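The structure I consulted is shown first.

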Amino acid sequence: MTAPGTRAGTPAAADTDDDLDVEEALALVREPREPRKPRQGTTPAPTPHAEHDPGGPSAHRHRATPWPQARETAARAARSGGRGAPVSVPLADALGLTLAAPLDALTDLPSFDTSAMDGWAVAGPGPWDVRENGVLAGHAQPEPLTDGEAVRIATGARIPADTTAVLRSEHGRLDTQGRLHPTREVVHGQDIRPRGQECRSGDQLLPIGTLATPAVLGLAAAAGYDTVTAVPRPRAEVLVLGDELLTQGLPHDGLIRDALGPMLPPWLRALGAEVTAVRRLGDDAKALQKAIASSTADLVVTTGGTASGPVDHIHPTLERIGAQLLVDGVKVRPGHPMLLARTKENQHLVGLPGNPLAAVSGLLTLAEPLLRTLAARPAPEPYALPLAEATHGHPYDTRLIPVVLRGDTAIPLHYNGPAMLRGIAAADALAVVPPGGARQGEETEMLDLPWAAAGIEVCFT
């Protein structure tokens, strides 16, 4: 595994540079790209022919964006507009959100001296006469103790004034006259949590940008919060395209089951989005244009229709509505014909290929960095692992291969074709295989699947 903070094959500072805005990203798409001149003494690489390149004609290949650059463009596009204003969120609904204001203590913690153990509050040296009524948590301030006096006390209960220490239940014994004797030395202040031990009112407990984990929500509650100020979840709408898709039953008569409709909404939720709608439109250009134009989501995700076939309506529709293409094809397999567009001032569209694993590739390449930035989530710590076996690569493009992680090794899985989900269903991560492939034992960048890293219950709550 590489040292934390080192991403295999990408510059360390790539995700922290905020200088490239949407207009510069647009320039990358609009600029005519001249073929690179070979270095002196080298032979130019042969231009792939369309018939040998399933990604399409060479003109499209020149327009396609390298995989690392596509991810950076998606993250930067979200920085230029689209993040919602901070909102006040009840603690029960705040899991996974990012704090948009510091979490400052509203009171001392604890807010009064409390007992850290079940036992006796004692005053002065023993033995002690035991007061008749004990002290329980949640009750008002008890009567002060006098020297030589003890009182039964529960964990979390308020300490009586003039208490010397708390004697644990297992460290005391009662004689036949009912007097309390210690069985070990009593140290002044033992097992008492003094007021303000954890923090004082006004102390900053957590800074802006903290992810609201279960422990963060617990701390907020302990500090007196009912709500937290957070960056809202980005809203996503899914448009499932294709006349050939069935929503139930077995495939038949040229019709196939829709795998993306059931898969994409929970995956988007795992990436931090609130999925507001899933709509099935078939291959209908007018319905597609109306759906995009009327959507109020921060992110519209479409499935299929991103290539140049007779019913591939995404590009013509985006042109008609005046959308700005930020990424038009990515040099990655599977998923080459994915795209990213800015459809409105505060709205983006990610066009996913229709093949299921190719759609997963598009989701992690374009939707993940965009949603992460919109939600103000920190980027995952990059890491690399050696591959258990040699893995074939594409001659020119990055490949994303499902793998399982066993110790410090990544094992490539079979069934990793663009239309297959069998491999990714068993995977822990995707290996980012560079052009040309990777040797056995070669360290390769990994993209964690969200549920593999966080656990299914946390991920989908």
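I began with helix α8, residues 356-374, whose 19 residues reach 25 Å from first C-alpha to last, close to the 27 Å expected at 1.5 Å a residue. The expected span is 1.5 Å times one less than the number of residues; helices are DSSP runs of H or I with at least four residues, strands are E runs of at least two, and both are numbered from the N terminus.

I noted that the model is predicted: local features need pLDDT of at least 70, side-chain atom pairs count only at pLDDT 80 or more, and totals for chains, interfaces and linings use all residues. Residues are numbered from 1 along each chain as its sequence is written, and side-chain values use heavy atoms, leaving out hydrogens and water.

I then looked up the bend in α8: about 40° at Ala-367, with Pro-369 following within four residues. The bend is the angle between axes fitted to the seven residues ending there and the seven starting there.

I checked burial next, and 19 of the 19 residues of α8 are buried (under 20% relative accessible area; exposed is over 50%, partly exposed in between, with a 1.4 Å probe and protein chains only).

Which residues of α3 meet α8? I found Trp-67 and Arg-71 among them, and on the α8 side Leu-364 and Pro-369 are included (contact means heavy atoms within 4.5 Å).

Finally, I recorded Ala-376, in the loop between α8 and β24 (384-386). Its phi is near 60°, a positive value in a residue other than glycine, and Ala-376 is partly exposed at 22% relative accessible area.
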